[in-house]
Amino acid sequence: MGGGDVDHGVEGIRRELNRLSIQPQATTDEEQFDPFVNNSLARHLEDTRYARRVSVGGLPPSANEQTVAIFFNQAMAAIGGNTAGPGDAVVDVDMNHDRGFALVEMRLTEEASNAMALDGILFEGVPLKIRRPPGYKPSEAAALGPSMPSRCLNLAAVGWTPGSAEGLKGPDRICVSDHKEYNLPFVR
């Protein structure tokens, strides 16, 4: 999982489809699924990736891709944020260990929006900063699903209350990193 390794080959797409519990359809028993012939689903997954991700900052040094995925899968299941049905909401975790930062990819845009409600939740005793990732385009993402977390989430199941995170509120927060490198003023 994660680590930035992307497998765009046939097996990689098959694994992605299996994780999403999507069975490719063949017209005959002999016909094999070929994502390069009928790749509309693979293209859709790639085109919507930016909207299905959340940026997670403030991760402790002990965090890794697996612990982050397990944490988010458990939290999303507990609050009722798995809108795609049973199974794990997290598809992939790409982590920068040196900076304590990860991009967590969900199955659906709606699940990524639901994960935004977890901003400030404690992970191994450290509050997480959950934002929209760089490259998130609210105007384009609006057509893919809700940009606001569901009002039906049971945040109390993880000891959280709506709006209890400090900092700016709102569904369209983005992560701006390395602002000093680009001589930008601090952005909140």
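## Surroundings of Phe-123

Leaving aside residues up to four places away in sequence, Phe-123 touches Leu-59, Pro-60, Ala-63, Thr-67, Val-68, Phe-71 and Leu-128, where contact means heavy atoms within 4.5 Å. This is a predicted model, in which local features need pLDDT of at least 70, side-chain atom pairs count only at pLDDT 80 or more, and totals for chains, interfaces and linings use all residues. Residues are numbered from 1 along each chain as its sequence is written, and side-chain values use heavy atoms, with hydrogens and water left out.

Phe-123 lies in strand S4 (residues 122-123); helices (H or I, at least four residues) and strands (E, at least two) are DSSP runs numbered from the N terminus. Phe-123 counts as buried because its relative accessibility is 4%; buried means under 20% relative accessible area, exposed over 50%, and partly exposed in between (1.4 Å probe, protein chains only). Thr-67, one of its contacts, is 56 residues away from Phe-123 in sequence and 9.6 Å away in space, C-alpha to C-alpha.

## The sheet

Four strands form an open antiparallel sheet in the order S2-S3-S1-S6; two strands pair if DSSP finds at least two bridges between them. S2 and strand S6 (129-131) are the edge strands, each pairing on one side only. From one strand to the next, the twist averages 20°. Helix H3 (residues 65-79) packs on the sheet and touches strand S1 (53-57), S2, S3 and S6. The direction of H3 makes about 135° with that of S2; axes are lines fitted to C-alpha atoms, for helices over the stretch in contact, and angles run from 0 to 180 degrees between N-to-C directions.

## Strands S2 and S3

In strand S2 (residues 90-96), six of the seven residues are buried. S2 runs antiparallel to strand S3 (residues 101-106), and six bridges join the two. Val-90 stands opposite Met-106, and Val-93 faces Val-104. The hairpin of S2 and S3 has four residues between its strands, and Gly-100 takes a positive phi near 60° there.

## The nonpolar core

The largest nonpolar core has 30 residues; such a core is a set of buried Ala, Val, Leu, Ile, Met, Phe, Trp, Tyr and Cys residues joined through side-chain atoms within 4.5 Å. Those with the most contacts inside this core are Leu-59, Val-68, Phe-72, Val-104, Leu-118 and Leu-128. S1, H3, S2, S3 and helix H4 (109-115) each give two or more residues to the core, and H3 supplies the largest share, seven residues.
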